[in-house]
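Hello,

Here is the structure I promised to pass on to you. Please have a look at it first, and then read my notes below.

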Amino acid sequence: MLIPLVIPAKNEELNLPQTVNSIKRMSAKANYDIKIVVVNDGSDDSTHEVARKLGCHVVDLPNRGYSALGTPEMASTINAGFDYIKENWD
């Protein structure tokens, strides 16, 4: 069973490895096949590169100049990940 997972991230280069590796460990124990999509929400750091090195698919969004966390714009960030999944996996 393939389970796609969307992780919104803005400037998370330091936290992303722990998050992704934890998800991978848990899915391996449960014997799930996961595909992780990181939605890079206009990061100023190396979130994109870190996500790629961790084997994640990355969707890059432009920098809005603010964090979408806790705003209605967060839905568009998450939806960008779901759109990627719909376009790339059957």
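A crossover counts as right-handed if, with the strands pointing away from the viewer, the path from the first strand over the helix to the second runs clockwise. With that in mind, β1, α1 and β2 form a β-α-β unit that is right-handed. Please remember that this is a predicted model. The chain has a mean pLDDT of 93, with 99% of its residues at 70 or more. Among its elements, α2 has the highest mean pLDDT (98) and α3 the lowest (93).

Now to the sheet. It is open and made of 3 strands in the order β1-β2-β3, with parallel pairing. The edge strands, β1 and β3 (57-61), each pair on one side only. From one strand to the next, the twist averages 20°. In general, strands of a sheet pair through backbone hydrogen bonds, either parallel or antiparallel.

α1 lies across β1 and β2 and runs at about 160° to β2. Helix α3 (residues 73-88) lies across β1, β2 and β3, and its direction is at about 145° to β1.

What about the nonpolar cores? The largest one has 13 residues, and those with the most contacts inside it are I7, L16, V20, I36, V38 and C56. At least two residues of this core come from each of β1 (2-9), α1 (16-29), β2 (33-41) and α2 (47-53). Another core, of 7 residues, lies apart from it; V37, V59, A80 and W89 are among its members.

Leaving aside residues up to four places away in sequence, V38 touches I7, A9, L16, A51, C56, H57, V58 and V59.

I hope you enjoy looking through it, and do write back with any thoughts.

Best wishes

Notes. Residues are numbered from 1 along each chain as its sequence is written. This is a predicted model: local features need pLDDT of at least 70, side-chain atom pairs count only at pLDDT 80 or more; totals for chains, interfaces and linings use all residues. Side-chain values use heavy atoms; hydrogens and water are left out. A nonpolar core is a set of buried Ala, Val, Leu, Ile, Met, Phe, Trp, Tyr and Cys residues joined through side-chain atoms within 4.5 Å. Buried means under 20% relative accessible area, exposed over 50%, partly exposed in between (1.4 Å probe, protein chains only). Helices (H or I, at least four residues) and strands (E, at least two) are DSSP runs, numbered from the N terminus. Contact means heavy atoms within 4.5 Å. Two strands pair if DSSP finds at least two bridges between them. Axes are lines fitted to C-alpha atoms, for helices over the stretch in contact, and angles run from 0 to 180 degrees between N-to-C directions. pLDDT is the predictor's confidence in each residue, from 0 to 100.
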